[in-house]
Amino acid sequence: MLVYILIFSAALIWFFSSKEQSSKNARRLFFFLFFLALFVGISDMLGGYDRYIYGEVFDLLSDDIDRGFSYTESPIMDYEKEFGYVFLNFILSHITSNRYIFIFFVTLIIYLLFFFSIKEYADNYPFACILFLALMFFFTFTYLREVIGVGVGWLSLKYIYERNLKRFLFLMLIAYSFHNSAIIFLPMYFIPIRKYKISLILTIMLVAFIIGLSPLPGALFSRFGELSGSEERVMQYAQDYEEAGLRIEYLLEVVVFLFIIFSQYKEIPQNKKSLVYLNCALMFCVILLFFVRSSSGGRLGWYYMIGIIALFTTIAMKVNRQRQVSTMLILLSCLLYGRILISWGIRAYPYKTFLTEGHREGDPVYQRYEYDPQYDSNKFYRPVFKWN
């Protein structure tokens, strides 16, 4: 657990030691996120069973390519609707046959996307990284395909306040091609760019919460699966919705985020960029309330999470009483980071890289989902790079 605490502490030290003129140092941002990419990318199957699923599919595709078979007959075509992800697997299968190198490359792509977004939208890079660690960091270990979609989706935010529909839709198509859930970010472009009355916002939040308590979101999951051709996976989301019960943590997040936003509401700048950040952050809260009975609801809100990061850096850096606001948000980030770290337990630590043999003792995910025991004795028995 200590290594994770040190990572969060490094972000705090960066924030408190940086002066205002150096708070948007892109080089430091790049190196910090590059370190996170290395940390996540070389970890040994940490996070959950998704890594095993994506690793096995990639291994099978690479074997088919090596044997001269058509990739269209490979299990990767289970994701044929997410053609961007299929194409990425196809390209990387010509570079390596090793699942660890595949995951490493994908992780680098993910963090490069996040670098461009934070660089574009955040007013204070170290503060944005603190929020990123609290809200998104742990999920980059396992939800590779969806997180790529989120990273691409975040890039499209600028085209909302620039009112460039073509570029927005182009990036949305790319995000959708990696994970169909990206479609949930599409309405963001069509929300009028203005500051709404708090009474109206609270009404919308209440309606979203009431609907979230009903069976409707589960039915929408099922219907979306039929339309997208992803019935099996989406039906799992629908089942999770029925079994999860009320997610108190979603409700608490919304209450805290809205309290911070409303307490500084009058201070939020009236320019288009800030108002898009504001509306995006509010949509994040709406999504959490709408899927308050779903264990996957938080994942759907990831596309709007950039609004939280961008808005809160704006609030903390540009409004009055900066110190009080930033202190409150840092304490909240510590709580969120610690909650995930503690709840993940064996999924996150002890930390181990794929540079050493074997596996983590007592890891139930390994015991259940490891499909190739040879990786345990030799992580590089499959080619790291294909030279021919």
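## Salt bridges

The side chains of Glu249 and Arg247 meet in a salt bridge, at 2.4 Å from N to O; the term denotes a side-chain nitrogen of Lys or Arg within 4 Å of a carboxyl oxygen of Asp or Glu. Arg247 is buried, with a relative accessible area of 18%, whereas Glu249 counts as partly exposed at 24% relative accessibility. Here buried means under 20% relative accessible area, exposed over 50%, and partly exposed in between (1.4 Å probe, protein chains only). The model is predicted: local features need pLDDT of at least 70 and side-chain atom pairs count only at pLDDT 80 or more, while totals for chains, interfaces and linings use all residues. Residues are numbered from 1 along each chain as its sequence is written, and side-chain values use heavy atoms, with hydrogens and water left out.

The structure holds 11 salt bridges. One of them joins Arg145 to Glu82, with the closest N and O atoms 2.9 Å apart. This pair links distant parts of the chain, 63 residues apart: Arg145 lies in helix H7 (residues 144-155), and Glu82 in the loop between helix H3 (50-66) and helix H4 (83-93). Helices are DSSP runs (H or I, at least four residues), numbered from the N terminus. Both Arg145 and Glu82 are buried. Helix H7 also contributes Glu146, which is 153 residues from its partner Arg299 in helix H15 (residues 297-300). The closest N and O atoms of the Arg299 and Glu146 salt bridge are 2.8 Å apart. Arg299 counts as buried at 15% relative accessibility, and Glu146 is buried with a relative accessible area of 3%. Elsewhere, a network of salt bridges links Asp44, Lys352 and Lys379.

## Helix H3

The end C-alpha atoms of H3 are 24 Å apart, in agreement with the 24 Å that its 17 residues should span at 1.5 Å a residue; the expected span is 1.5 Å times one less than the number of residues. Because 13 of its 17 residues are buried, H3 is largely enclosed by the rest of the structure. Just after H3, Gly68 takes a positive phi of about 85°.

## Nonpolar core

In soluble globular proteins, nonpolar side chains tend to be buried together. A nonpolar core is defined as a set of buried Ala, Val, Leu, Ile, Met, Phe, Trp, Tyr and Cys residues joined through side-chain atoms within 4.5 Å. The largest such core has 135 residues, and those with the most contacts inside it are Tyr4, Tyr111, Phe137, Phe185, Ile261, Tyr304 and Phe312. Helix H14 (residues 272-290) supplies the largest share of this core, 15 residues.

Leaving aside neighbours within four places in sequence, Phe137 is in contact (heavy atoms within 4.5 Å) with Tyr4, Ile7, Leu36, Phe39, Val40, Tyr111, Phe132 and Tyr337. Leu92, in helix H4, counts as buried at 6% relative accessibility. With the same exclusion of neighbours within four places, Leu92 is in contact with Phe58, Phe102, Phe105 and Val106. Leu92 and Phe385 are 293 residues apart in sequence, yet their C-alpha atoms are 9.8 Å apart in space.

## Nonpolar surface patch

Met1, Leu2, Ile5, Leu6 and Ile342 form a nonpolar patch on the surface, with about 510 Å² of accessible area together. Patches are made of residues with over 30% relative accessible area and no salt bridge, nonpolar side chains (Val, Leu, Ile, Met, Phe, Trp, Tyr) being joined within 5 Å and like charges within 9 Å; accessible areas come from the Shrake-Rupley method with a 1.4 Å probe, and for residues only the protein chains shown count as cover. Helix H1 (residues 2-17) gives the largest share of the patch, 3 residues. Leu2 lies in helix H1 and is exposed, with a relative accessible area of 58%.

Definitions and conventions: Helix = DSSP H or I, 4+ residues; strand = E, 2+ residues; numbered from the N terminus.
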